Amino acid sequence: GRIEYHEFLEWLTRPGSMVHAGAEEISVFRLEELLRPLFSVYDQNGDGGISHEEFYECHNILTTALTLHPTNGAAPDPEILSADVRKVFREADSNRDHKVSFAEFVNWQRNALARSGLLNDDLVDLVPALTRQLMRVFKLADSNKEGDLVEIDQQVLLHITENVANFTRDLYNNDAAGHNTLQGRVHYENRWSDPPAGVNLDRVKGLHLQTAAVPVWGVDHVDIHTLCIPEFQRVDEANAGDARSRKWLARVIQKVTYRTGRVEADEPAHYSFKNLIWSGSPNLEEDFRRAYDGLPPEMRIFCHIKSAANFGVRLSWESLQATLHQCIEEGLLTSLQVSFYNQHIEDSVAKTILERGASDNESERFYSLLTQAPRTIITTFAKIGILRITSVLADVLKA
């Protein structure tokens with residue numbers, strides 16, 4: 001028979017189609033590659049199959065998120081999540097061996113997604129987004145077992161579950177709604193991960209000084225500003241590999257302050273850290289820019305703070321002030337926001353000093369000894385309303 005053009009186009013763009021019709025070209029679309037990280041989240045022990053318990057755990061996270069964030073009838077909950085979980089597991093476990101293999105998982109997901117009305121472009125947005133949120137739920141759960149959560153983490157978790165509910169309704173609706181929560185929103189694809197051992201920024205500064213010209217005449221002092229960030233890596237890539245093998249990139253800027261007050265800043269130099277070795281190359285500038293632009297703004301600020309701490313667990317008050325000034329220069333924070341944060345900390349310190357009955361001399365000594373954890377700093381910014389409370393804060397639980 002004859003295929004009409006609109007039928008051909010519908011076939012190209014239906015969810016899970018092997019052929020992907022983009023804006024400028026037609027390419028192969030592999031749903032399996034898109035679903036592999038999500039399967040890994042379900043398969044918590046990594047044995048290659050999803051057990052009853054693992055399946056129920058993820059199913060429960062999805063249904064709990066829907067319950068916590070109802071739409072009051074505006075968007076009905078997906079049938080595969082309102083049905084009995086044992087029945088859903090049996091549907092996914094087609095060979096009845098009490099384990100859901102990756103192939104069975106893909107088939108089950110393909111059938112569920114086919115009713116959503118979403119295009120492949122939507123799946124490319126939503127499937128990794130749901131995967132990220134589920135990974136964060138498990139990370140928060142692990143930290144909760146260890147007693148590491150703080151008050152703001154409850155708000156972070158609530159934000160995560162709202163995302164889970166939205167993405168779940170988008171992906172698994174039965175009404176061919178074709179709704180993509182992420183459409184039209186700024187979407188940052190790069191993410192923080194724990195850095196490998198040996199990321200010492202004093203070493204990259206030393207490497208930089210071997211080739212950088214440092215003036216002497218009339219110089220008051222020289223500052224070396226270093227920002228270290230993880231290379232660009234999407235959630236599917238991050239889930240597939242070992243985070244310890246991820247390349248980290250550093251931008252080094254030398255600033256010279258003369259006794260006249262004049263300040264000169266050199267052009268940024270770029271370096272990479274992998275396999276315990278720092279190396280420099282002019283070609284790294286584009287890699288650094290892509291990685292930096294791919295990070296959410298709050299993670300850019302966190303990378304500045306973590307770099308200032310040389311990837312340690314504490315940062316002095318003096319070093320923090322220099323770092324916040326750098327964030328102002330780069331447009332990540334405003335002077336008013338930094339002043340508001342400083343006032344918040346000073347009020348907290350004044351309260352502590354008052355309770356201790358300390359003298360003025362002891363107050364000055366208190367500030368000289370004040371140190372903060374990088375994660376505490378970034379969560380305080382969120383707590384007092386300078387930054388939004390977002391799900392990405394879960395990524396730095398152990399940082």
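1. A cavity, as the word is used here, is a set of grid points where a 1.4 Å probe fits but cannot get out, and its lining residues have an atom within 4 Å of a point. With that in hand, please keep in mind that this is a predicted model.

2. To find the spot on your screen, select Y42, F55, H59, L62, I80, L81, V88, W108, Q109 and Y172, which form its lining.

3. Which elements surround this cavity? At least two lining residues each come from helix 3 (52–68), helix 4 (79–82) and helix 6 (102–113). Helix 3 gives the largest share, three residues. By residue type, the lining of the largest cavity splits into eight nonpolar, two polar and no charged residues.

4. Now for a residue worth a click: T168, which sits in helix 8. Is T168 buried or exposed? Its relative accessible area is 0%, and buried means under 20%, so T168 is buried. Beyond residues up to four places away in sequence, T168 touches L62, L66, P78, L81, L130 and N173.

5. Next comes the nonpolar interior. In soluble globular proteins, nonpolar side chains tend to be buried together. Here the largest nonpolar core has 101 residues, and those with the most contacts inside it are Y42, F105, L171, W192, I229, W278 and Y341. Helix 7 supplies the largest share of this core, nine residues.

6. Leaving aside neighbours within four places in sequence, Y341 is in contact with W317, L320, L324, Q372, I377, T380, F381, I384 and I386.

7. Finally, have a look at the second largest pocket, with a volume of about 500 Å³. Its lining has 24 residues, of which R185, V186, Y188, R388 and T390 lie nearest the centre. Helix 7 (120–145), helix 8 (151–172) and helix 12 (297–308) are the elements that give two or more residues to this lining, and helix 7 provides the largest share, four residues. The lining divides into 12 nonpolar, six polar and six charged residues.

8. Where does that pocket lie relative to the domains? Domain 1 (5–183) and domain 3 (298–398) both give residues to its lining, so the second largest pocket lies between them.

Terms used
Residues numbered from 1 in each chain as written. Predicted model: local features only at pLDDT ≥ 70, side-chain atom pairs only at ≥ 80, totals over all residues. Heavy atoms only, no water. 1 Å grid on protein atoms, 1.4 Å probe; cavity = no way out; pocket = protein on both sides within 12 Å on 5 of 7 lines; lining within 4 Å. Points joined across faces, edges and corners; volume = space filled by probe spheres on them. Nonpolar A, V, L, I, M, F, W, Y, C, P; charged D, E, K, R; others polar. Domains from an automatic or database assignment. Core = buried A, V, L, I, M, F, W, Y, C linked by side-chain atoms within 4.5 Å. Buried < 20%, exposed > 50% of the residue type's maximum accessible area, 1.4 Å probe, protein only. Contact = heavy atoms within 4.5 Å.
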